[in-house]
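This report walks through one structure, chain by chain, and then turns to the way the chains meet. The sequence and the model come first.

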Amino acid sequence: MSGKYITDYREDLRLIKTTPQRIVLVVGVLATIAIPFILQIDWDPPFDYPWRAWGTALNLALAWAIGAAAFNLLLGYTGQISIAHAAFLIVGSMTGAILGQGAFGLGWSLWVILPIAAVVGAVIGVLVGLPALRVRGLYLFMATLAVHFGAILLFRKYQLATTKFNAITYPAPSIPSWLHWLPFINPDEAGEFLIKGDFRWFWVIMPITSLCIIYMVNVLRTREGRAFVAVRDNDVAAALLGINVARTKLRAFAASSAMVTVSGVLLAYFITARSDESWSIEIILDVAIMTVVGGFSTIRGGVLGAFFFFMAPLWLEWIRGWGFIDSVDWIKKNGANIDVMIFGLAIIVVLVFKPEGLAGLWADIKRYFKQWPFKY
Amino acid sequence: MDTFLQLTASGIALGSVYAMVALGFVLVFKSTDVLNFAHGEFLMLGSFLALTFLVEWNLNIVFAIVAIAFIVAALGVALHYGIMKPLVGQPLFSVVLVTIGIAIVIRAFLLMTYGPLERGRILALPQGQLDIGNLVIPYVDIILFLVSSAAVVIFYIFFKSTTIGLQMRAVAENLEAAAAMGVSPNKVFAVSWGIGALMAGVAGVMYGNFTAVIDLNLAAIGLRAFPAAMIGGLDSVEGAILGGLIVGVSEQLAAGYFGGDFRDVVAFGLMFVVLMVRPYGFFGTKDLIRV
Amino acid sequence: MQMRFKRLFLLMSVLALIAASCGGDSDDTTTTAAAGGGDTTAAPSDAVPSSPDDGVTDDTIKLGFMGDITGPTSSTQLFFEAGIRAYTEFVNDNGGVAGRNLELFSEDDQYSSDEATLNYTKLVGDERVLTVVGQGGSSIITNLTTQIQDDKIPFIGPQQTIDAQFANPYIWSTIAHYGDQADIAIEAMAGDVGGAANLVVASVGLEVASGEEWAAYIEDTAVKAGGTYAEHIRLPLTGADADPQVVRLKELVDSEGVNYIALHGSPGAALRLLGSMDKAGLDLPIGGIFAVIAENVYQEGPADLLDTYWGVHTYTPPNISTPGNDEMNAWLDANGKYADTRNNVNFVGGWVVTKLAVEGIRIAAATGTLTRASLNTAMGTISSFSTGGQSPDFDCTRDGRACGAAGRPYDYNGTEVVARGEFADYASALDLIYGLGG
Amino acid sequence: MVAVTTIGVANPVLEIENVTVQFGGLKACNDVTFRINEGELFAMIGPNGAGKTTVINAITGVYSPNPGATIDFTDSGGNRHDLLGQRPHDIVSRGIARTFQNLALFDALTVLDNLMLGRYIHSDVGVLSGGVFWGKALKDELRQREVVERIIDLLEISQYRNEAVGELSYGVRKRLELGRALAQEPHLLLLDEPMAGQNLEEKQDMVRFIADVRSELGTTMLLIEHDMGVVMSIAERIVVLNFGQMIGIGTPEEIQQNPDVVSAYLGTESGV
């Protein structure tokens, strides 16, 4: 313990209370700011370590972190087993396409679309959540699978109606001209400052992800968040505390879906194109891998899981490239298959031996250092 | 009308595979409370093993079915003891996710062993067709239906009138009471996994003779067993059979009349509607609320 | 028996040729190289300065491949990658290019565009490859088109035919567009039924946007040629049989007199359709896009339907003897390599596009600088590059169309794939009109 | 039908008439009729399976009684509500709180969060303002927190404030559940065996808390309790159920002299 007494409720409500926490926060913020600059450094890392790819992986992981954390908000905290999440990525990309500056869009800017997408996601989230009032547990799981297939069909029909056979493209968003006076904003010859490349995207995705994560953490530590947990653990007891179980479930669906939709818009714009072939059932598996390995039922787990999902293959591939491993023929031939298998095994191993996932591991490490050098 | 009958006939053949798959799926769920996402992979494993046994080694089909059933069942039992047993008491969804992990591993294994190329239909069963007026029914479809029915009947007799079947029902009904009566739940779980996987394995061999192509998409059949099982009710054996047939027929009708892109949507959409009207399927039990 | 002798003789002669040429000037190995090849290779290649940022180091030239090696479309792209790898080894065996060896970096995306974005950075940003050869995945190249334009990196011979890549000055497509393939297919179908007026065609395709694209071009071409177009039938991606689709086809045969199927899809989709047609006893001739020409369709499909089954392709399957294929097979035989991937038309595809890339590298190196920019310029000057019959001659000087905007149908004679005529026979069928998708 | 002792005056808080709850052929409680007046501590006793909890479940809308029943509740503002057919969360927000025979705390949450859940109906922070946290939500959190801290002090559980409930002893959890019900600031408090499974010391504490609550807040209570001694010493009026039937109602003295009650109790649980 820090040995500091909390004397005020207001102080007790702060997320950052102790000096070590404050130090971690400052270091974290500084590191976050430094990382994109470090990744810009032009050098040749040892063993052909992929360097720039980390920038892309970071952006993907950040954008997916919103989705994975929102999945945990619904699954982990509210106990609603919904896998309609990929459907909301689809909703996000469609919102971005309909309102955005692509060939068939209304021409709005990404900065306007993002909040609208959150609202659209929330509304559709409520609609998708309605079955949750009727069915629960694994039946709900299945009902939301139906939503997924419906969303894919809808997207395909939309794509065929607009861009026909070509994928829907999302042009690079630009910073409005009245903001060009800001430092580091150097418009190109056409007088535009386009968000392109990993470095610039980082400064878009990272703050949005941070805001979304902070939003979710805040929801969870206030009245509705407690109600989510109450509904998960014992919905009859929750109702007897005055919690409208139905409305609470729908609110959880709305909040979670809004976040996933935002993540869907971000990813669509970052990837720059989406087509009907972008959505397969594997996306659901991807989210599952992220949340399990990260640790479900915590927001932190979702974030850690997303990072694991995009960083681990980089590591694995890098390791496979080492001379002595690279010389094994079987590994060379089955490289990516081995990755897939490792992911599958990771899910099993984590759930059997460490159900709290990476987040649990993190907590263990923290506890260890807190008690160090006294072991129990 | 011809079209309708033709589609229905094909749907019944397909539906009987779904029924067999759904039955194994429901059995595992009923006794162990595990929603097995890897069930489709068990089926796929059966189909791929059938390729090895029937096409590459040219073995007798009856022998092949027995051997494959044994292998897949052994895998099911091994999975129970190796992975599922320590997970008892874990939340519902973590167990589902473990089965997703198993599914991923089986997939990767098959891809490494058999390579990515699609394989054609297995021709181990008598080819040819039965013509009834304009209606054409391939022998394969008829055999498929008969084998599924036989499997279902054998399973039913086993489930209703053998000691282990009785124990399985007892464990499904009330785990603690059954344990108190001296039934070993662990053994019952293992048997359920074995039989569930066995049904999938046999269905895989049969499906390998029915489908036109054997590739890693076959696991999708396992995915279709979900709506089948859900429509019937997740814990109902009779429901699985009915659900399988309903999904098979409606899917073929939808694909025939509205186009192939409505196939998934119809199977899952139908399930969605049934769940909204009857949240526990046609034959499923509703859990009681206790305070 | 006679056949085998012929092949043996051919093999011997090719081996002799290679042995002879290896003894002499190594540059002559590419006996089929176009006229331009001679003087470019004459330049002292060591004179080209290194440019590590563009993937040209002192002793190697880095090439990239990105595609789906273990995912849902791996049954085509795996072979494509193998062909690319094989050709780089072939070049290295024969003394390399521009005084350097080729080094291939392959990245697997399992058909996920998120993963592909990551792989692109790895190849272009980290490995700094000179060019990406034979990229695969139509939803993926759309993602990358803007980035390719920004990075100005040449993409040579991507595996698909989507509109976005044709408009991009850094993407050098090699496979004929669906529009071209439809032209050739309809021409061949019309020939089979005794004139376009007799043709009643239905299209069958996977339930993806490119399936609709194929249907649109088939309808357009068939109607313009004076034939009749019935309707488009969709195959689901995940289903494993095509029974309902075959029922519908039977109806169309009865009601509209459909006498040809224009097929879109993967080998798996083709097998599904064939299997269900076989079971239902429906026998219709089928002509399809390039992806349906696959050895496993012939090996695994029902024999009685395959005699009227063909597909249009820009690349020549490996069993058909052409100077280019002979050279390839001889090298493969001599080295005993790629035994499990070489019997696939996509393997030839990978081989051919790498050949084109190497030609580009030669031309660029001859100008004294080998960079992404000079390679791109060099690609634009290739006006008639012969691959030794492994594809039509490549002409990359024309905007908005593939270097190999031609193809021909390939039939199956019961034992192996045979070409139906020469590429030139179908050149007149091409109307070179694209963009039905708007 | 048991004759109802006429009750004097005053403001009824809860009026129950002819409440019958049936599961299949089994009547868990049959024609239960009583009324609770403002400020009263009304106890319900009876052997296991007598239908006491069923009555509470009927009041709070968990079970719906057979037709013909009346359940009327008068809130602190004097407004009368028909509770029949209303959903539990609506009933609760009218000013009724309850504890549970088998604890229904949320084990994953801390003591503080469990108590804050009791404040749910008194707050209107939603997913939007909660997510922003600044301003309205923060002010509300602070206000609710003050109420909760008073309850923590009252129930003497401040040392457990930030502990997860699952790790606490049974006695503390029982106390916490009372606290959570109190946090709802109910007009009527339904206590379902608050002293069950506790040792003597804990029971005495609980009796003291109940007495404190009555004297400080004047809350009307319906208490289900097994311990006759406790009931007789603190309840003002008592209703006795046996196999779903009401067999007596009245003051502790009246009940002690009621022959039906005596025989029911002596017949089933000797030594009480």
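Chain A has a radius of gyration of 22 Å, which agrees with the value near 21 Å that a compact globule of 376 residues would have. The radius of gyration is taken over C-alpha atoms, and the globule rule is 2.2 Å times the number of residues to the power 0.38.

The model is predicted, so local features need pLDDT of at least 70 and side-chain atom pairs count only at pLDDT 80 or more, while totals for chains, interfaces and linings use all residues. Residues are numbered from 1 along each chain as its sequence is written, chains are lettered from A and ligands numbered from 1 in the order in which they are written, and side-chain values use heavy atoms, with hydrogens and water left out.

**Chain A**

Chain A contains 16 helices and two strands. Helices (H or I, at least four residues) and strands (E, at least two) are DSSP runs, numbered from the N terminus. Along the principal axes, the C-alpha atoms of chain A fill a box of roughly 60 × 55 × 50 Å. The side chains of chain A include 30 positive and 23 negative ones, and the centres of these two sets lie 12 Å apart. Lys and Arg count as positive and Asp and Glu as negative, while His and the chain ends are not counted. The place of a charge is taken as NZ of Lys, CZ of Arg, CG of Asp or CD of Glu.

A:Ala161 is part of helix H6, which covers residues 138-161. Is A:Ala161 buried or exposed? A:Ala161 is exposed, because its relative accessible area is 59%, and the cut-offs are under 20% for buried, over 50% for exposed and in between for partly exposed (1.4 Å probe, protein chains only). Between A:Ala161 and A:Phe104, 57 residues apart in sequence, the C-alpha to C-alpha distance is 9.9 Å.

Accessible areas come from the Shrake-Rupley method with a 1.4 Å probe; for residues, only the protein chains shown count as cover.

| Chain | Residues | Buried residues | Accessible surface | Carbon and sulfur share of surface |
|---|---|---|---|---|
| Chain A | 376 residues | 57% | about 16000 Å² | 69% |
| Chain C | 438 residues | 65% | about 14000 Å² | 53% |
| Chain D | 272 residues | 57% | about 11300 Å² | 49% |

Contact means heavy atoms within 4.5 Å. In chain A, 71% of the contacts between residues at least 6 apart in sequence join residues at least 24 apart. For chain C, the share of such contacts that join residues at least 24 apart is 71%. In chain D, residues 24 or more positions apart account for 68% of the contacts with a separation of 6 or more.

**Chain C**

Chain C has 15 helices and 12 strands. Strand E10, residues 309-313, holds C:Gly311. C:Gly311 counts as buried because its relative accessibility is 0%. Leaving out residues up to four places away in sequence, C:Gly311 touches several residues, among them C:Gly288, C:Ile289, C:Arg408 and C:Tyr410. C:Leu436 lies 125 residues from C:Gly311 along the chain, and their C-alpha atoms are separated by 22 Å.

**Chain D**

Chain D is built with 10 helices and 10 strands. Its radius of gyration is 19 Å, close to the 19 Å given by the globule rule for 272 residues, so chain D is as compact as a globular protein of that length. The C-alpha atoms of chain D fill a box of roughly 60 × 40 × 40 Å along the principal axes. Chain D carries 22 positive and 36 negative side chains, with the centres of the two sets 5 Å apart.

**Chain B and the meeting of chains**

In chain B, helix H10 (residues 237-258) contains B:Glu251. B:Glu251 is buried because its relative accessible area is 0%. Not counting residues up to four places away in sequence, B:Glu251 touches B:Leu14, B:Tyr18, B:Arg224, B:Arg263 and B:Ala267.

Which chains share the most contacts of the five pairs of chains in contact? They are chains A and B. Here 45 residues of chain B are in contact with 41 residues of chain A. The size of an interface is often given as the accessible area lost when the parts come together. Chain B and chain A bury about 3800 Å² between them, and carbon and sulfur atoms account for 84% of it. Buried area is the accessible area (1.4 Å probe) that two parts lose on being put together, summed over both. B:Phe93, B:Ile104 and B:Met112 supply 18% of the area that chain B buries against chain A, more than any other three residues. By contrast, no contact joins chain C and chain D, and their closest C-alpha atoms lie 29 Å apart.
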